Amino acid sequence: MIEGDIEAVMVVERLCYEFPWTEGIFSDSLRVGYNCWVYTHGERIIGHGVTSVAAGEAHLLNLCIHPEFQGQGLARRLLQRLMTRVCNGEADTLFLEVRSSNKVAIGLYESMGFNEIGRRHGYYPAQQGREDAILFAFCL
Ligand SMILES: CC(C)(COP(=O)(O)OP(=O)(O)OC[C@H]1O[C@@H](n2cnc3c(N)ncnc32)[C@H](O)[C@@H]1OP(=O)(O)O)[C@@H](O)C(=O)NCCC(=O)NCCS
């Protein structure tokens, strides 16, 4: 991902999340050197993923695929690529948080070998109140 991709990334981001990241968050992620990737179909950006690495730990901060392209194994491929990148770096564990209601994402992470390691109660804002985050970890 480069700065010029952010407008197109935001289209996918807004379609994918009820509480999307802002342009500023993507811009800051690029500025501080997070691994920010886009998934392209021809010239079109149809997905993105962001990881950070610090002190031996990697965090998956964002992963999404345009709704028109979901269910074709693209998130699995993108995540695999992101994991290979951080695996080659200095991290030994990849952590992530996911909404407890997000069954599709949970299915993806479990099928890729992530283990549930905890829960943060009321971590996410929701349409009504708050929602728990489930924490997953993968030993790289
Ligand atoms: C989660 C998301 C990235 C998955 O993208 P995708 O490209 O459709 O996922 P894939 O096609 O690679 O599917 C990978 C696995 O996810 C699970 N999955 C996919 N669609 C599913 C569905 N409708 N129901 C249940 N599980 C499903 C399955 O385990 C699937 O593996 P399988 O095809 O071998 O059974 C996508 O739904 C998305 O962008 N959601 C909105 C953003 C989001 O929630 N991101 C995760 C934040 S933590």
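His48 lies in strand β2, which spans residues 44–54. The model is predicted. In this model His48 is buried, because its relative accessible area is 0% and buried means under 20%. The side chain of His48 forms a polar contact with the side chain of Glu13, at 2.8 Å. Leaving aside residues up to four places away in sequence, His48 touches Met1, Val9, Val12, Glu13, Phe26, Trp37, Val38, Tyr39, Asn62, Leu63, Cys64 and Leu78.

Ala55 is found in the loop between β2 and β3, the latter covering 57–65. Ala55 is exposed, because its relative accessible area is 84% and exposed means over 50%. Although Ala55 is not a glycine, its phi is positive, at about 50 degrees.

| Helix pair | Angle between axes | Axis separation |
|---|---|---|
| α1 (residues 6–16) and α2 (residues 23–31) | roughly 125 degrees | within 10 Å |
| α3 (residues 74–87) and α4 (residues 103–111) | about 50 degrees | 11 Å |

The axes of α1 and α2 cross at roughly 125 degrees, and these helices are therefore oblique to each other. Their crossing is right-handed. On the α1 side the contact is made by Ile6, Val9, Met10, Glu13 and Arg14, and on the α2 side by Glu23, Phe26, Ser27 and Leu30. Sorted by class, the contact of α1 with α2 has 5 nonpolar, 1 polar and 3 charged residues. Val9, Glu13 and Phe26, which take part in this contact, are also among the residues that His48 touches.

For the second pair, α3 and α4 pack at an angle of about 50 degrees, which makes α3 oblique to α4. The crossing of α3 past α4 is right-handed. Here Ala75, Arg76 and Leu79 of α3 meet Leu108, Tyr109 and Ser111 of α4. By class, this contact between α3 and α4 has 4 nonpolar, 1 polar and 1 charged residues. Leu78, one of the residues touched by His48, falls within the range of α3, residues 74–87.

How values were computed
Residues numbered from 1 in each chain as written. Predicted model: local features only at pLDDT ≥ 70, side-chain atom pairs only at ≥ 80, totals over all residues. Heavy atoms only, no water. Helix = DSSP H or I, 4+ residues; strand = E, 2+ residues; numbered from the N terminus. Buried < 20%, exposed > 50% of the residue type's maximum accessible area, 1.4 Å probe, protein only. Polar contact = N/O pair within 3.5 Å; in protein donor to acceptor, adjacent residues only side chain to side chain. Contact = heavy atoms within 4.5 Å. Axes fitted to C-alpha atoms, helices over the stretch in contact; angles between N-to-C directions. Parallel < 35°, antiparallel > 145°, perpendicular 65-115°, else oblique. Left-handed = near helix turned anticlockwise from the far one by under 90°. Nonpolar A, V, L, I, M, F, W, Y, C, P; charged D, E, K, R; others polar.
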